[in-house]
Amino acid sequence: MRLTFDAATGYLTSLLAALDVPRDSQMLVFSETSAQATRINPRNPRALFFNDVTMVGWVRGTDRLEVVTHDSRQGPIFYTVQQSPTDRPQLKRDDTCLQCHLSWD
């Protein structure tokens, strides 16, 4: 996939299009329960965009996008995309999210 960097939202718009995640699925979350919690507050909520299998999280002013997708065998798979212009942006697997999101219950 080819991603385009935008000065205001970074790779958000092109990543949503590439993953077929509708922009109008957006919901705002004010909970500070993200790896980017220090930037989330009532004036700067976390925007979540989703379809049936993928969620993209964006917080204005942060250095990365958060992506989680559901694999039918492995469960949730987490990725991040750095929010800085580059010729080859990459989705990088991020297992640190499983510290909070992995539950045997």
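Strand β5 (residues 75–82) and strand β6 run antiparallel to each other and pair over two bridges; pairing here takes at least two bridges found by DSSP between two strands. Within that pairing, Tyr-79 has Arg-93 of β6 as its bridge partner. Strands, like helices, are DSSP runs numbered from the N terminus: E for a strand, with at least two residues, and H or I for a helix, with at least four. All of this comes from a predicted model, in which local features need pLDDT of at least 70 and side-chain atom pairs count only at pLDDT 80 or more, while totals for chains, interfaces and linings use all residues. Residues are numbered from 1 along each chain as its sequence is written, and side-chain values use heavy atoms, with hydrogens and water left out.

Zooming out, the β5 and β6 pair belongs to an open sheet of six strands, in the order β1-β2-β3-β4-β5-β6 and with antiparallel pairing. At the edges sit β1 (27–29) and β6 (92–93), each of which pairs on one side only. As a general point, strands of a sheet pair through backbone hydrogen bonds, either parallel or antiparallel. The protein has two helices along with its six strands, and reading along the sequence gives the pattern α-β-β-β-β-β-β-α.

Next comes the inside. Of the protein's 105 residues, 36% count as buried, meaning under 20% relative accessible area, with exposed set at over 50% and partly exposed in between (1.4 Å probe, protein chains only). The largest nonpolar core has 13 residues, and Leu-12, Leu-15, Leu-16, Phe-49, Val-56 and Leu-65 have the most contacts inside it. Such a core is a set of buried Ala, Val, Leu, Ile, Met, Phe, Trp, Tyr and Cys residues joined through side-chain atoms within 4.5 Å. Two or more residues each come from α1 (12–18), β2, β3 (54–59) and β4, with α1 giving the largest share, three residues. Leaving aside residues up to four places away in sequence, Leu-12 touches Phe-49, Val-56, Trp-58, Leu-65 and Gln-83, where a contact means heavy atoms within 4.5 Å. Among the protein's contacts between residues at least 6 apart in sequence, 31% join residues at least 24 apart.

Charged side chains get their turn too, with two salt bridges in the structure. The term covers a side-chain nitrogen of Lys or Arg within 4 Å of a carboxyl oxygen of Asp or Glu.

Asp-20 lies in the loop between α1 and β1 and is exposed at 61% relative accessibility. Its phi is near 55°, a positive value in a residue other than glycine. Arg-88 lies in the loop between β5 and β6 and is exposed too, at 67%. Although Arg-88 and Met-1 are 87 residues apart along the chain, their C-alpha atoms are separated by 9.8 Å.
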